[in-house]
Amino acid sequence: MSAIGQLEPVRGGPLFRPLSAEDEEQQPDEIESLCMSCYRNGVTRLLLTKIPFFKEIIVSSFTCSSCAWSNTEIQSVGRIQEQGVRYTLAVTVRQDMNREVVKTDCATARIPELDFEIPAFSQKGALTTIEGIIDRAVAGLEQDQPVRRAADKDVAGKIDEFIGKLKQLKEVDSSFTFIIDDPSGNSFVENPCAPQKDDALVVTRYRRTAQQDAMLGLEAEETDENPADSMEDLRNEVLQFNTNCPECNAPANTNMKLVQIPHFKEVIIMATNCEACGHRTNEVKSGGAIEPLGTRITLRVTDPSDMTRDVLKSETCSVEIPELEFELGMGALGGKFTTVEGLLKDIRDLIVKNPFTLGDSSTPRRVEKLQAFGRKVYQIMEGHMEAHFILDDPAGNSYLQNVYAPEEDPELKVEYYERTFAQNEDLGLNDMRTEGYESGLTSER
């Protein structure tokens, strides 16, 4: 039986308890287990906890009193995200080495300047820093160096030279690039400038390939339904299918309906309601194709009534508020059909209640900056501060209500633009073949 299988939930409470320094009942479970270094018995401590606004994790720590060997790791028990994520950080100053990093088992870490890569599933998940990841890699390379020096001095010498280059990176004498690529979407690199945009950090969310789905143990669902019949069913009725609650993982139902938005297009609205914990969530997907041109919608907020405007934010849409020097990247909040006020509340909660800026690791300066950001958002919602609310969607599938429709709205500006090569790459359009593909398939056969 595994160590986790031996655990029992606290009587009258959940198995995963929220992470809190004031919870005296939240103590790690100690389990006697075998030490893989000296093959004597040691002690494994397991803490099953839930990080607020992040996910459920298992913190595992093993110590052996016989040989003093120890090991610590973090395992994610949350669900795999709909999209993979890639963090690209330009490390230019020594402070960048202290950025917090959540690296899952299936994440790949790379430093292109040294042609260095930590493959997926080669290390256990960890909550550490960039410097910690480099130290961990150095320790792994140095582990078998005495044996290599005896067997092959040339190979050992080259590895020593490479270890020296890794250690030199920690001094940041010259800039380098640090990349975390996680197909599961559960890794994270800290943004110390939050809620402002970090120019040194680029976050890219992407669709997984078939090989990455197979690596994660995911399989595409097969269906034999007629596409025309399926679309007709979506228009005429609310479909319901079984899923799991994203909060407690209990069985739940998701309702799905195809809705026509006036003066716009069809969208798919999905709502999940969990009877076990009461959690509710909704998500919006575009019901049509990617538009030929991208869309940039700018609303000048001058009156509290602007907060009641309907907003459709697709998962490819970014949000900007220039007066707050704030930019929310595409995919951060997913697809939403709400109001301007509702979207501002979601943005405020996402920034102010970020778990990586709370608790013992936070600084008074950072807390004050986030609280000031929250106060400014509240002033905009109350109509005490004018601001520009910008939706930029390269796919052209976002919408902001024109209260004067079909006439022009003096406070609303809609611009259409040609997408850049990078935007087409993010949407998967550069490699998409829409003409002559049938003849190509025939010749391949």
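Is K170 buried or exposed? K170 counts as buried, because its relative accessibility is 18%, where buried means under 20% relative accessible area, exposed over 50%, and partly exposed in between, using a 1.4 Å probe and protein chains only.

Before you select anything else, note that this is a predicted model, in which local features need pLDDT of at least 70 and side-chain atom pairs count only at pLDDT 80 or more, while totals for chains, interfaces and linings use all residues. Residues are numbered from 1 along each chain as its sequence is written, and side-chain values use heavy atoms, with hydrogens and water left out.

**First stop: K170 and its partner**

D135 sits in helix 1 (residues 130-142), K170 in the loop between helix 3 (153-169) and strand 11 (176-182), and the two are 35 residues apart. Helices (H or I, at least four residues) and strands (E, at least two) are DSSP runs, numbered from the N terminus. D135 is partly exposed, with a relative accessible area of 32%.

**Second stop: helix 7**

Now select residues 364-382, which form helix 7, a run of 19 residues that reaches 27 Å from its first C-alpha to its last, close to the 27 Å expected at 1.5 Å a residue, the expected span being 1.5 Å times one less than the number of residues. Colour R366, L370, F373, G374, V377, I380 and M381, the buried residues of this helix. Seen down the axis of helix 7, these buried residues fall within an arc of 115°, so they line one face; the arc is that of the directions from the helix axis to the C-beta atoms. On the other side of the helix, P364 and R365 are exposed.

Next select E386 and R300, which form a salt bridge with their closest N and O atoms 3.2 Å apart. E386 lies in the loop between helix 7 and strand 23 and R300 in strand 18, so the pair ties together parts 86 residues apart in sequence.

Finally, select E415 and R296, another salt bridge, with the closest N and O atoms 4.0 Å apart. Both residues belong to a network of salt bridges that links R296, E320, D392, K413 and E415.

Methods. A salt bridge is a side-chain nitrogen of Lys or Arg within 4 Å of a carboxyl oxygen of Asp or Glu.
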